[in-house]
Amino acid sequence: MKFRRVSLLILMMGVVVASACATKTVQRVAYTEDGVIATLRHQSESGVPIDRGFAQPANISQERLRAVLASILVRDKKAGVKPAVTGALVRGVAKGLSQALEQADSSEEVALTAVRKSRRLGIFTEKRLTSFVAFVQGDQIVLSFTHIDWDLSKVQNAKTVSTYLPQPRIGRKVSDFTVLPGDGLEVVGGQAVKISIASGSQ
């Protein structure tokens with residue numbers, strides 16, 4: 001009986017240690033305005049953030065980021081070639097991304113969601129989601145897209161959309177698209193891009 005108690009105690013201690021050492025996702029909201037939400041997200045182990053070596057905080061002007069965003073085109077299976085970020089969203093997304101990168105540290109990626117609203121037949125309001133993960137490596141900004149102008153009515157429980165938006169993840173692609181190559185733009189895996197943000201680059 002005593003042996004069983006000791007074995008149970010050791011097992012419980014092992015569970016506690018494993019839980020303490022488990023990797024945990026920690027996030028904080030850096031920006032929210034006009035349908036744009038930028039969240040800073042990092043992994044921690046035993047309460048200590050895991051440094052990913054990002055070149056952050058990064059001071060990138062909204063003007064520069066607007067130019068970056070406007071230069072990214074995707075090929076959509078249904079809509080053909082179109083901007084990765086629609087014109088109606090570019091200004092707000094650039095503002096949110098700029099402010100988030102200023103607040104981020106070397107362990108944090110920016111998870112950004114932007115919702116575009118429009119009316120169909122002058123009656124129904126349609127909500128469409130664009131989302132990506134962003135971070136700065138060296139003199140390049142990396143953007144990995146998950147949703148491109150994606151219809152939020154596709155969410156199974158539409159009532160949750162007002163409080164919880166589908167979140168972007170690196171390597172996860174919900175919309176059916178491929179990022180197209182362009183000047184100064186390096187495509188990675190079909191859904192991500194690397195663009196130089198070095199001084200004087202276009």
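Strand β8 (residues 140-151) is mostly covered, with eleven of its twelve residues buried. Buried means under 20% relative accessible area, exposed over 50%, and partly exposed in between, for a 1.4 Å probe and protein chains only. Strands (E, at least two residues) and helices (H or I, at least four) are DSSP runs, numbered from the N terminus.

This is a predicted model, in which local features need pLDDT of at least 70 and side-chain atom pairs count only at pLDDT 80 or more, while totals for chains, interfaces and linings use all residues. Residues are numbered from 1 along each chain as its sequence is written, and side-chain values use heavy atoms, with hydrogens and water left out.

**Strand pairing**

Strand β8 runs antiparallel to strand β11 (residues 192-196), and five bridges join them. Two strands pair if DSSP finds at least two bridges between them. Ser-144 stands opposite Ala-192 in β11.

Strand β4 (residues 73-76) has two faces. Val-74 and Asp-76 form the covered one, Leu-73 and Arg-75 the uncovered one. β4 and β5 form a hairpin, with three residues between them. Arg-75 stands opposite Val-81 in β5. Arg-75 also stands opposite Thr-178 in β9. The pairings of β4 are set out here.

| Strands | Sense | Bridges |
|---|---|---|
| β4 and β5 (residues 80-83) | antiparallel | four bridges |
| β4 and β9 (residues 177-179) | antiparallel | three bridges |

**The nonpolar cores**

A nonpolar core is a set of buried Ala, Val, Leu, Ile, Met, Phe, Trp, Tyr and Cys residues joined through side-chain atoms within 4.5 Å. The largest has 38 residues, of which Leu-97, Ile-141 and Leu-143 touch the most other members. Helix α3 (residues 87-103) gives the largest share of this core, seven residues. A second, separate core has six residues, including Leu-129, Trp-150, Val-155 and Leu-165.

Contact means heavy atoms within 4.5 Å. Leaving aside neighbours within four places in sequence, Ile-141 has contacts that include Ile-60, Leu-65, Leu-97, Leu-101, Val-193 and Ile-195.

**Helix α2**

Which residues of helix α2 (residues 62-70) are buried? They are Arg-64, Leu-65, Val-68 and Leu-69. Seen down the axis of α2, these buried residues fall within an arc of 130°, so they line one face of the helix. The arc is that of the directions from the helix axis to the C-beta atoms. Glu-63 and Ala-70, on the other side of α2, are exposed. The cover over the buried residues of α2 includes α3, β8 and β11.

**A buried glutamate**

Glu-109 lies in strand β6 (residues 109-120). Glu-109 counts as buried because its relative accessibility is 8%. Its side chain makes a polar contact of 2.8 Å with the side chain of Arg-41. Another, of 2.9 Å, joins the side chains of Glu-109 and Arg-52. A polar contact is a pair of N or O atoms within 3.5 Å; within protein, one must be able to donate a hydrogen and the other to accept it, and residues adjacent in sequence count only if both atoms are side-chain atoms. Not counting residues up to four places away in sequence, Glu-109 also touches others, among them Phe-54, Val-133 and Ile-170.

**Aromatic pairs**

The whole structure holds two aromatic pairs. Rings of Phe, Tyr and Trp (its six-membered ring) pair if their centres lie within 6.5 Å; planes under 30 degrees apart count as stacked, over 60 as edge-to-face and the rest as tilted. Phe-54 and Phe-135 are stacked, because their ring centres are 4.5 Å apart and their planes at 15°. Phe-54 lies in the loop between β3 (48-49) and α2 and Phe-135 in strand β7 (residues 124-137), so the pair ties together parts 81 residues apart in sequence. Both Phe-54 and Phe-135 are buried.
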